[in-house]
Amino acid sequence: MPTLSHLITRRHQVLPGFGLTLGFTLVYLSLIVLLPLSAVVFKTLSLSFAQFWEIVTAPRVVASYKLSFGASLLAAGINTVFGALLAWSLVRYRFPGRKLVDALVDLPFALPTAVAGIALTALYAGNGWLGKLLEPLGIKVAFTPLGVLVALVFIGLPFVVRTVQPILEDLELELEEAATCLGAHRWQIIRLVILPALTPALLTGFALAFARAVGEYGSVIFIAGNLPMVSEITPLMIITKLEQYDYTGATAIALVMLAVSFILLLVINSLQGWSAASSSSTGGRKS
Amino acid sequence: MLNNRLLLIASTTLMLAAPATRTSAAETTLLNVSYDVSRELYKDINPAFASYWKAKTGDSVTINQSHGGSSKQAGAVIAGLEADVITMNQSPDIDILVERGGLVAADWKKRLPYNAAPYTTTTVFLVRKGNPQGIKDWGDLTRPGLQVIVPNPKTSGNGRYTYLAAWGYALQKVGAGNTANGEKFAREFVTKLFANVPVLDGGGRGATTTFTQRGIGDVLVTFENEAALLAEEVGGGQFDVIYPSVSIEAAAPVAVVDKRGTRKAATAYLEFLFSPAAQDIIAKHHFRPRDPAVLKKYVSQFPPIKTFTVEDRLGGWKAVQQTHFADGGIYDQIIVR
């Protein structure tokens, strides 16, 4: 989101080409992003508001929003914590097989989502390697909302690692050393020196992981069990409508998903802008 | 998701564009847009038709296949996938092409024998070896505590037939002429049955995987061709097929897409499906052939079973779609617990 404000401030600088780049940005964004999205809006406009409201507030659909957005936020949160840890060990330590681990992180990106779904289901079903151990403890993963969460954590992992990694690499060790010399404890260093520098990247990673999770269909559909009111995700509700040739109904639900995702991403992005501004203005000394 | 689907369709189509042989005779390419499970069947039928066509007319014909969920495929044809023939597993997926854009003639069912369905299958039960739960008929599926695996009727034709088979069985149980009571009983019956369903997979194959690979459920309710394949070939003798007292006839309808310039070859292709040669291939793939002679030849594979159709017992697909499967319909009401 920072494109516009950045470009405007740059107009007064020596860098030329503001008109050209802004024009290109707008045309490109319109073509790639806005055009398909406006098709969704126009298709939905053929519904009256009452019809629209009835479709998007049907109990099953509402249950699916809760699952889709709830599980996606939770999965993005889990990925933020553990993705940051992963990035930390990949950047700060040298160990045999580091390159291998580094490459493994990207695997969820490359794997066809259906493969991920089938593999996870085979693993966590009652007769799978992990399912066999977990079910006697009363923990059912496959075919429950927990399974949805597991799949979303899997597919969202690379986002946080890959956004945090370069920032960590650029973070100078001297800063931490200086903090130690000035008498800071380890926890203080993490809290006052490292975290403020990482927060914008963490938020970006969170936003990306969340956005990916909300739209995810392929992997989740295998492990969810798809029981109405319990484990149906919103994309499944859309597919269900499409199967019945109810294209407007499908776009109505899609529009709600889009709107909610957009608002959440906007909030996350402004949080990120705010934290970047405050950490740079206070020199990373905010508490 | 949508993009993935289009890509998939596009790539399947491209992949199958086989090089045509250079001859002086005319060359035709047909695209057969079909549902998921028919992939293997048409892989066997297509070369048979090509050699038949070559012998008859001297022309070469190449048939490309595109497969996917039945309704998705119909949607792709509406959106512009250039199909010459469509071969589906339920007639609503062809009727929609009549309604939207008039891609198929309204009288498509009358243009070919047997209501334009060259083969049928029916809904049966697959149980674990030796039938430990003693499941014999639809009534057993509503037993409390039993786990029944059924694909999602909202997204799968297979699941829809299962639901309708159970409904039709319940109506019969009450007896004809007792419509009001029949509806009430059927509703309770199907509610109890679906309360026993622990997982609703998107399609028939998904349900099969859940039952056979994940070991979930006491009984899988699915098409005879799928059950036979599992019991005899890929299941390794771990499963038995159970035939209920009555079930639903699931006919697989076919039609020519009229707007294309390949009518002659396309029509011949569909007519070929009813020939003894093609009917024999169909029977080998565990689908019930229409040709009585072929059916007789494979009688051990296809035990006789009483069936009813959506048209004769449930008032036709249109009515069924509206009362049962539309949003807020009976299926939605019974499944929301």
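Predicted model: local features only at pLDDT ≥ 70, side-chain atom pairs only at ≥ 80, totals over all residues.
How are H9(A) and H11(A) oriented to each other, roughly parallel or roughly antiparallel?

## A helix pair in chain A

Let's start with the two helices from the opening question. H9 of chain A covers residues 145–170, and H11 of chain A covers residues 186–215. Their axes come within 8 Å and cross at roughly 155°. Angles over 145 degrees count as roughly antiparallel, so H9(A) and H11(A) are roughly antiparallel to each other. As for handedness, the crossing of H9(A) and H11(A) is right-handed.

On the H9(A) side, the residues that meet H11(A) are Leu152(A), Ile155(A), Gly156(A), Phe159(A), Val160(A), Thr163(A), Val164(A) and Ile167(A). Their partners in H11(A) include Ala197(A), Leu198(A), Ala201(A), Leu202(A), Phe206(A), Leu208(A) and Arg212(A). Sorted by class, the contact of H9(A) with H11(A) has 14 nonpolar residues, four polar ones and one charged one.

## Chain A overall

The chain splits into domain 1 (1–45) and domain 2 (46–281). The centres of these two domains of chain A are 27 Å apart over C-alpha atoms. Where they touch, domain 1 of chain A puts in eight residues and domain 2 of chain A puts in twelve. The domain 1 side of that contact in chain A is made up of six nonpolar residues, one polar and one charged.

## Chain B overall

Along the principal axes, the C-alpha atoms of chain B fill a box of roughly 70 × 40 × 40 Å.

Here the domains are built from separate stretches: domain 1 of chain B takes 2–117 + 253–273, and domain 2 of chain B takes 120–249 + 306–335. Nine residues of domain 1 of chain B touch eight residues of domain 2 of chain B. On the domain 1 side of this contact in chain B, there are three nonpolar, five polar and one charged.

## A helix pair in chain B

Chain B has a helix pair to look at too. H2 (residues 39–57) and H11 (residues 276–284) of chain B pack at about 160°, with their axes 10 Å apart. That angle makes H2(B) roughly antiparallel to H11(B), and the crossing of H2(B) and H11(B) is right-handed.

From H2(B), the contact uses Leu41(B), Asp44(B), Ile45(B) and Ala48(B), while H11(B) brings Ala277(B), Ala278(B), Ile281(B) and Ile282(B). The tally for the contact of H2(B) with H11(B) is seven nonpolar, no polar and one charged.

## Where the chains meet

How many residues of chain B are in contact with chain A? The count is 21 from chain B, against 23 residues of chain A. On the chain B side, helix H3 (70–78) and strand S6 (200–201) are the elements that give two or more residues. By class, the side of chain B that touches chain A has nine nonpolar, seven polar and five charged residues.

Note on methods:
Residues numbered from 1 in each chain as written. Chains lettered and ligands numbered in written order. Domains from an automatic or database assignment. Contact = placed C-beta atoms within 7 Å. Nonpolar A, V, L, I, M, F, W, Y, C, P; charged D, E, K, R; others polar. Helix = DSSP H or I, 4+ residues; strand = E, 2+ residues; numbered from the N terminus. Axes fitted to C-alpha atoms, helices over the stretch in contact; angles between N-to-C directions. Parallel < 35°, antiparallel > 145°, perpendicular 65-115°, else oblique. Left-handed = near helix turned anticlockwise from the far one by under 90°.
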